Amino acid sequence: MRSATDTTYAARDHARAQAAPVDRPAAPPGIPAEDVVWAETVPGGNYTHKVLARGTSLRLADPLGDACAHLLLHVADRPWERLNVADTTKVQWNAYLGPGSLLLSDQGRVLASITEDGSGRHDALCGTSTLARNTARYGDGAPQSATPAGRELLLLAAAKNGLDRRDLAPSLSLFQGVRVTADGALEYTGSAGPGTAVTLRAEQPLTVLIANVPHPLDPRTDYHCGPLEVTAWRGRPTGPGDPLWEATPEGHRAFLNTAEFCAARGL
């Protein structure tokens, strides 16, 4: 029996038949369409990536209240400088990130700042799901499966940017919250609901890796993850006089370190 792809022409027709309209989120109000450099909807169980210029604003939105964006950041031309979630929380004396929080590298520099946050449900403690955990929980965690693990998807995104497994540090999770209870246990607080968004501003040129998969502490037995809307547009980095620059002594020092380094490189 002949298959639908046993000739070159049949294979071509089959491949073209898989095409579907691209679902792109609209530009945020007040942002000219020509300034938008990235607009994409990432289904649950999928990943995305992009290199962004310094000053770019990146908006992540959870339209249905069931997305979970696991985020990694690397400096675009220096991948050894990357998001350090431990230093991000330690330096700012706060494990619960929100408006005004800075995403820091282990070099004491700012990678990105959170300029807006309508969710308030994030996690800087647990990281993303793994192949072993998803296999034990759902029966499979491979990236091609119906229940892919976040780390496996981030590895694919990393490979498309010249990075490999050793470049995958612990990630930051957005739109699904975790709190520490009085006895030190981790309590999953879930989503803030549909229609929330978080906006980051790139303070250095960044390679952005995102996996949209269920949070590791999500108590549901089935694999649930809603779409994630991603939009980015041109802008300017934070500078002296901006409220974020002067908000805390620790943040001020991190911005000075960043500005000095970028100036020396002509950025």
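Modeller: A residue counts as buried under 20% relative accessible area, as exposed over 50%, and as partly exposed in between (1.4 Å probe, protein chains only). By that scale Arg220 is partly exposed, at 31% relative accessibility, and Asp218 is buried, at 5%. This is a predicted model, in which local features need pLDDT of at least 70 and side-chain atom pairs count only at pLDDT 80 or more, while totals for chains, interfaces and linings use all residues. Residues are numbered from 1 along each chain as its sequence is written, and side-chain values use heavy atoms, with hydrogens and water left out.

Biologist: How far apart are the closest N and O atoms of Arg220 and Asp218?

Modeller: A salt bridge needs a side-chain nitrogen of Lys or Arg within 4 Å of a carboxyl oxygen of Asp or Glu. Arg220 and Asp218 form one, with their closest N and O atoms 2.8 Å apart. Elsewhere, salt bridges that share partners join Asp77, Arg78, Glu81, Arg109 and Arg265 into one network.

Biologist: How many salt bridges does the structure hold, and which residue does Arg234 pair with?

Modeller: The structure holds 12 salt bridges, and in one of them Arg234 meets Asp35, the closest N and O atoms being 3.8 Å apart. Arg234 lies in the loop between strand E14 (228-233) and helix H5 (243-246), and Asp35 in the loop between helix H1 (8-17) and strand E1 (36-42), so the pair ties together parts that are 199 residues apart in sequence. Asp35 itself is partly exposed, at 26% relative accessibility.

Biologist: In what order do the 6 strands of the open sheet stand?

Modeller: Strands (E, at least two residues) and helices (H or I, at least four) are DSSP runs, numbered from the N terminus, and two strands pair if DSSP finds at least two bridges between them. Here the order is E1-E14-E3-E12-E7-E6, with antiparallel pairing. E1 and strand E6 (102-104) are the edge strands, each pairing on one side only.

Biologist: How many bridges join strand E3 to strand E12?

Modeller: Strand E3 (residues 57-62) and strand E12 (residues 196-202) run antiparallel and are joined by 6 bridges.
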